[in-house]
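Grab a pencil and open the viewer.

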Amino acid sequence: MVSRGLSGWRMRTLRRGDTLMRSRSLPNVNVTLEVASSLPPLFAELDQARQISNEIDSVLWLFGRACTAVLARDSLLDSVIGLEMLLVPNPGESRYRFTLHGLAIIEGESPQTLEADLRAIYDLRSKAAHGGSSDARNFESLAPRARLLLAKAIRGAARLMRTGELDMVNTKGDIAKSVENLVKSRSASAPRTA
């Protein structure tokens with residue numbers, strides 16, 4: 001079903017049933033008993049993370065925008081902004097830190113594939129921000145991946161907050177700064193070879 005919002009935009013609406021529809025770029029997701037039973041612990045972890053840092057609300061809002069964006073370019077841009085909020089504390093060498101910090105908190109991915117995808121997604125970010133529509137095919141292929149990586153980064157940050165690996169006290173709730181400190185501490189404790 002297509003509906004029109006107050007601003008005149010049109011989009012598919014979600015319907016009750018056993019599948020969730022988003023757009024042509026995502027397949028149907030079957031809501032199985034396994035998926036449904038995994039949600040309460042995830043929501044509890046996110047709620048705990050929200051109590052530790054109010055940045056989670058902003059990142060979740062961007063994730064929601066990325067999931068409902070009509071254009072793949074907009075979806076990718078909202079995903080990257082959310083990822084940047086989680087991964088990059090200060091300006092300068094952002095792509096490097098975006099990729100390195102993403103490798104530190106996103107789980108369940110091949111490091112080589114994840115690094116390549118994060119670099120490609122970050123490179124498309126400026127084209128998305130400045131209206132680069134000539135890469136429409138790249139936006140279509142990378143927007144779903146960017147949304148997925150944002151979801152995994154949110155989950156990774158929430159898990160690391162819960163376990164105390166992200167020091168949210170000393171950074172006053174700044175998730176990206178806490179991730180940067182985590183990367184530094186892991187690097188400092190890594191064994192050195194001669």
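**Exercise 1: A serine and its surroundings**

Ser53 touches Met168, Gly173 and Ile175, leaving out residues up to four places away in sequence; contact here means heavy atoms within 4.5 Å. One heads-up: this is a predicted model, where local features need pLDDT of at least 70, side-chain atom pairs count only at pLDDT 80 or more, and totals for chains, interfaces and linings use all residues. Residues are numbered from 1 along each chain as its sequence is written, and side-chain values use heavy atoms, with hydrogens and water left out.

Task: Work out where Ser53 lies, and whether Ser53 is buried or exposed.

Solution: 
- Step 1. Find the loop between α1 and α2: Ser53 lies there. (Helices are DSSP runs of H or I, at least four residues, numbered from the N terminus.)
- Step 2. Check the relative accessibility: Ser53 counts as buried because its value is 1%. (Buried means under 20% relative accessible area, exposed over 50%, partly exposed in between, with a 1.4 Å probe and protein chains only.)
- Step 3. Look at Gly173: its backbone oxygen lies 2.7 Å from a polar atom of the Ser53 side chain.

**Exercise 2: Following Ile175**

Task: Find which residues Ile175 is in contact with, leaving aside neighbours within four places in sequence.

Solution: 
- Step 1. List the contacts of Ile175: Ser53, Glu55, Ile56, Leu86, Ala157, Met161 and Met168.

**Exercise 3: The whole chain**

Task: Say how many helices and strands the chain has, and in what pattern.

Solution: 
- Step 1. Count them: 7 helices and 4 strands. (Strands are DSSP runs of E, at least two residues.)
- Step 2. Read along the sequence: β-β-β-β-α-α-α-α-α-α-α.

Definitions and conventions
Polar contact = N/O pair within 3.5 Å; in protein donor to acceptor, adjacent residues only side chain to side chain.
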